[in-house]
Structure formats: structure tokens, C-alpha cells
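Dear colleague,

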Amino acid sequence: PLFIFGILFLVMAFMFMPDAVALALSMALFIAPVWLPFLLVGSAWKMWVIFRRSEFIADQKYILLEIKAPRNLVKTPLAMETFLSTIHLTGGESTWYDRFKGGTRPFWSLEIASFEGQVHFFIWGRAGFRRLVESQLYAQYPGIQIVEAPDYTRRISATNEEWSLWGCDFKHTAASPLPIKTYIEYGLDKVQKEPEQIDPIANLIEFMSSIGKGEYLWLQFVIRAHKGERYGSNPAGNESNKLNEKGKPYTWRDEADELVQEIRRKTRDSYMDVFTGEERPGFPNPTKGQSEKMAAIERNVSKLGFDVGTRGIYVAKPEHFHGPMIAHLIALFKSFSTEGWNGINSTAWMKRFDDYPWEIGVEKKKNRYRRELVEAYRRRQFFYDPFFEGGIHGNKTMIMSTEELATVFHIPSQSVQAPGLTRIHSTTHEAPADLPT
């Protein structure tokens, strides 16, 4: 029946379409044996890559590590930036054969979770990289404890029947090469006197500590080394099709060069010739703000970059669900935003619903989105099928430098005194190697 319907549809279409369009369509169908095989082969290749990559990701063993900091920690976010540089790994998909096998470069999830007001820090990744993660974290944060933790996302069902849930993703408010307000702007690139120290993550931690019994708040940063896929035409991030002037994949550094050149063009003040009355071009004369903006862009892209997908979920028992928490979650990253530079704003998932009273059947769609939101969080997926950028849920990724990423995710020093922040009472060290037996 479908075949007969298709034939009838084509006949009716040919009868009513203009002669020129009908002729062009007829020619396209006539030479279909030439172009159709290429289309089929290209589609088959993409389907094969998706299948093999999904199989590869499913076959990996993953581990969730909890990071417990001591009470007297005095490290700055620079320690976390140094650690992030060590997990900026691009291997695993360098050749066509790696991609044919479904290989992907490592991706990680940096997570902050609040369980009824108790705040914990986690890092999720492949189990094979556990030694790398532990050694580099211990190197930057002596005295911390790193323990394997059960997946907290599966300790509660988070089903629509038992829980109330709201969540969203986050995206940049401007082009990625423009930095957010980082820890350097806050003066945290060096240790300060405790009363003078201002850590922007303190607002986030304090908010997560404020939730009560029966409430949970999850926040994750899914990251991978940036290679330019975001500028390709393939929404699943398989490859980059946009090239720079050198014929290499277009990355955020190329975008940064264009932004700087645009600012420089705007600094060329014109002036009026007093003798001829003609308007003539002037010389570059940037304002202080323009100079600082260009310097910030260049400093930002000079560091290693990560593709970053950020997602937040507030889940609670229906009797404990607190509606104003949604507004707080939407504005979670306000302290990192700068007017005229960059910021982080909420998007996608439940943010897409406006809750108009005349909408019909919207609750059923909301429940489907809630189920898929929890599934995406549990899978720690942002770059690959089925939850990739540009998918049906409008997922958006950012490109962030190690400096920016260390600003929004780092182990707080002792200056952050949020009551719900879990810390160990004393530091721990390995026994000396020369200790007599």
C-alpha cells in the first residue's frame, strides 16, 4: 500500500508542478543510477560509524571517583587548571581506521551533586584512566582523599511517578573565544588573605547546600578535548567540514582571530579633512575596554580548549519540590558572567516549555523529556548519539579553556564555609618509604 501511495503521489505531483520543475525532477530521476550509489554509500558509512561508536562506548568500563578535600585546603583554582591540562587527551580517533572501529577520544564528566544539602565533588571517566586521574589530583592537591563511589544517579529512581523533576542545559551567551569572568579576574591566581578572598564558586556551593530533605541537585560538565567538530556541518560531531585558511579544521582559535580583527576594524576612527571636507580613515585607537577585550580573547585561546556540555537537574519528592529552585538553577552561573564579554545561560530540555494554560497534551511531552533528561545525565552523554549537540532536545555545547573550566569547577579552599560542603577532618599521606617493618 505504501508503494502504491508513493506512485500515486508522484503522478499527482507531476501533473500539478510547473513544466520546468517537472523536467528537472525527471532528469534527476533519469540519472539516479549515477548519484544514488554515492548517497547510499555515504549514508551507510555514517550509520556504520554510529553503530560502531555506540558499541565502543558501551563496551568501555567507567568509574566514578569522589574527591574529598581537607578542611585546611589553601589551593587556588590554578591547581585544577593544571590537572585539567593533563586529561586533555586527543588519542583514540586520529585515523580513519580508529573511526571505522568506532573509537572516540576520552570524555569525562566533572560533577557537583547535593544530596539533601550535602555537597560532593566527583569525576567520572573510563576506568583505565583511574591511575592518571588519581596521581595528577594528588600531585596538585596533597592531602585529599579520592575514593570510588557508587553512581548516585541510580540510587533514586527519578521516575515521573515518584519524583518531581526539572532540568536544563547551559550555553554561552556569546562566541566561545570570549571568556567568562574567570578566577584571574577575581584575583584567585594567587593565594590571598582569607578575609579578602572571594571565590565565585562559593555562591554555587552555598545554593546547593541550601536544599532540604527529599531534594537533590545534580550538576555535570561533560568534557572532551576540542578539535573543531563544533564548526562542522555534521550535528553528531563526527568530523569538521569547515576549514581555515591553511586548509585545517576550523577551531575556536580561528574564530578568535576573526573576533580580534573585527574589534580592530571598529577602532579605526574616521575624521573629516578640514580642507576638502572628505571623510578619511584614521588609525587604530582602541579604548581601554577594547584593548582588555582583545587581550582576554588572546589569553583565553592560548590555553588548551575543551568541548563542554553542562547540564543541571533538580529532583525532589513531590511534597518537597520547591518551585523557586527552578529560578535559582536557571541563574546558577550569573557570578561568572560579564557584560560585553561572555556568560553562561540556561537552555534546552524543560526550559523549552512556557506552561501556557491552553496547551494540550504538553504534560505527556514533559514526562518524556524528563525521562530522557535523566537518561542523558546518567549516560554522561553530550557529544555522541543519541544525545548529541543539535539533537531533538536542542543540546548546546561550549568551548572553554582550562582557565574557564577550572573557574566553574575546582575544589574550594578553606575560605568557602558552606555548611553542606563535605570535607575530611584531616589530611592523609602515604607512609614513608623507609619506614622500618
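Two strands are said to pair if DSSP finds at least two bridges between them. The model is a predicted one, and in it strand 6 and strand 9 (residues 305-316) pair in the antiparallel sense over 11 bridges, with Ala225 standing opposite Phe306 in strand 9. Strand 6 also pairs with strand 2 (residues 107-115), again in the antiparallel sense, over nine bridges, and here Leu110 is the residue that stands opposite Phe221 in strand 6.

Strand 6 itself, which covers residues 215-225, is mostly covered, with 11 of its 11 residues buried. Glu215, Leu217, Leu219, Phe221, Ile223 and Ala225 point one way from the strand, while Tyr216, Trp218, Gln220, Val222 and Arg224 point the other way, and all of these are buried.

Turning to the pockets, which residues lie nearest the centre of the second largest pocket? They are Ile57, Tyr62, Trp124, Arg379 and Gln381, out of 16 residues that line the second largest pocket. Helix 3 (32-59), strand 1 (62-70) and helix 11 (362-379) are the elements that give two or more residues to this lining. The space in the second largest pocket comes to about 290 Å³, and the residues of its lining divide into nine nonpolar, two polar and five charged, where Tyr and Trp count as nonpolar and Arg as charged.

With kind regards

How values were computed:
Residues numbered from 1 in each chain as written. Predicted model: local features only at pLDDT ≥ 70, side-chain atom pairs only at ≥ 80, totals over all residues. Heavy atoms only, no water. Buried < 20%, exposed > 50% of the residue type's maximum accessible area, 1.4 Å probe, protein only. Helix = DSSP H or I, 4+ residues; strand = E, 2+ residues; numbered from the N terminus. 1 Å grid on protein atoms, 1.4 Å probe; cavity = no way out; pocket = protein on both sides within 12 Å on 5 of 7 lines; lining within 4 Å. Points joined across faces, edges and corners; volume = space filled by probe spheres on them.
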